Amino acid sequence: MIDRDAFVSDPQSTDHGTKPTVLTFSGSDSAGLAGMQMDIKVQHAFNIHCLSVLTAVTAQNNQQVLAVHAVEQTMFDAQIKAVSAFKPGAIKTGLIAQHAQAKSIIDAKQALGIPLICDPVGAATSGNPLIAKGSEDSDGHFTDVLLPHCTLITPNIPEAERLVGFSILSSQDIKNAAKILLDKGASTVLIKGGHGPCAKRFSQDYYCSPTEQFWLENHWIDTQHTRGTGCALASAIASCIALGYCLKDAVVIAKMAITQGLIDAKGLLSNPQGYIQGYMDTHDKGVKNCEDTHAKQSYMDTHNKGGVEENYKDTHDKGAVDIRSFPSAQLSLPSLRDGNGGAGCVEPHSFLAPVEPFPDIGDSPLGLYPIVDRADWLETLLPLGVTTIQLRIKDLLDRRLEDEISRAVQIARRYSCRLFINDHWQLAIKHRAYGVHLGQEDLIATQSDASNPIQQLRSAGLRLGISTHCHYEVARAHSFKPSYIAYGPVFATSSKDMPWVPQGLTGLDYWQNLLAYPLVAIGGINLERAQAIHSLGVSGIAMISEITQADSPLEKTRALLAALRT
């Protein structure tokens, strides 16, 4: 069963005339490519105000870290006191420079009672460490102090290895590491796969809580401009939580934002002479007769085999991920697969091998899409010009159920109508229906069915429609490449118990513009609302009670068909 409460996402829930805020703890990056500078950029892109508490001042650029200076504890606590005048919706942590800082963060978290998103920064993207090893101010403040209070921790693979103490070489290692972090106290873990052995093909992240595990995958974005991705991801997740999204939605949205940000990223040219001269100044003591040009050249020749100058040429323009707005393109939408199946790209074969799309719905939009519970409704509605209909039967079993489905298929065939059977995929295949529609719970059930219903539907040539209500569910539907995606509730409905917050025309328009799949709107739609929805360009408008409970179903259907022709 789905944890229904986990899906209640309301991006408008914090909109009461004030701007949502995130309390952010991170270091300053003098190059502006990561740290607090990146946090502010990302949160601004999500229309979030960043409450900033600096943990350290760093001197770094896109090749090296020159110095890290922790903010003195009195000043650190004073910053927390200053921002306590506000009411943040989430906390985001990046670089934590001292053990005492972690304790102060936990005190603030407990006082505020809000989610804590932890990016366990230990090194810059260049590979240079930001925290001294072997001291009190090393990894202990994550494992001993911070982890038991984390709503979500987001390590990449090297960071996860540092926290769990072993090498991560396979998907099973990733799962084992996530479980150890849960055992250490984290509520949820997201291990980022950008450093995995197959990372040049896929970017796979592993989400793990005590009750649910899943993988998120996007195709690899070929760019060297990857600075600040860890900071950006955690900030995007915290921003979504402050906006009212549930954690799983926040993770999917943040993954989308990072993918789009990598596509949009650009380089930042720096001065090679300054770097090479600085390198020579540092190492001159080890070079005899350094006034001698040949001696200098000999030194550089010796040290440039994969060394500083050669690496510099490869990285001198390395830039940062560039998140400009809330993500809104299907190209950035990850595929979501259940964590108990498949091996992940870190194994020899990706568990997300190319998926064959389901057959399309043809050139004609789905149009008015009644959902009915008996074949008699097809005899009533199809002569009026209805071209798509769904048979959703919840109160029949065995022979009576099969007879009803068989009859509906025959009627639909007579009128050349696209008939989707809700849930009962075996009977849909047996009687050669046009397609099957699955809700999320039914979709999950097919994944644990050893007979592989999804592949059987593909082999039989049936179409597939999938119900969705949030980003998390859309990502799951996307992994199956369905014939269409249904999204709702658009408006409040009494036809079905819905825990999700209605998104209205604005939310529906977002998905219509984002998805390349034909989109079906459902939930609380009447004649007046149908006209407004139709103007957005959706493929289908699904209705239950507006037709089946109308005083005159025939008259109401005619009016709806006429409205959707304009």
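I call a residue buried under 20% relative accessible area, exposed over 50%, and partly exposed in between, with a 1.4 Å probe and protein chains only.

**Ground rules.** I am reading a predicted model, where local features need pLDDT of at least 70, side-chain atom pairs count only at pLDDT 80 or more, and totals for chains, interfaces and linings use all residues. Residues are numbered from 1 along each chain as its sequence is written, and side-chain values use heavy atoms, leaving out hydrogens and water.

**The whole chain.** I found 21 helices and 18 strands in the protein chain; these are DSSP runs numbered from the N terminus (helices H or I, at least four residues; strands E, at least two). Of the 566 residues, 56% are buried. I then looked at contacts (heavy atoms within 4.5 Å): among those between residues at least 6 apart in sequence, 70% join residues at least 24 apart.

A reminder to myself: most residues other than glycine have a negative phi, and most peptide bonds are trans.

N47 sits in the loop between helix 1 (35–45) and strand 2 (49–60), and is partly exposed at 48% relative accessible area.

Next came K481, with a positive phi near 50 degrees. The loop holding K481 runs between helix 17 (471–478) and strand 16. K481 is partly exposed too, with a relative accessible area of 24%.

The peptide bond joining G488 and P489 is cis, with omega about 0 degrees.
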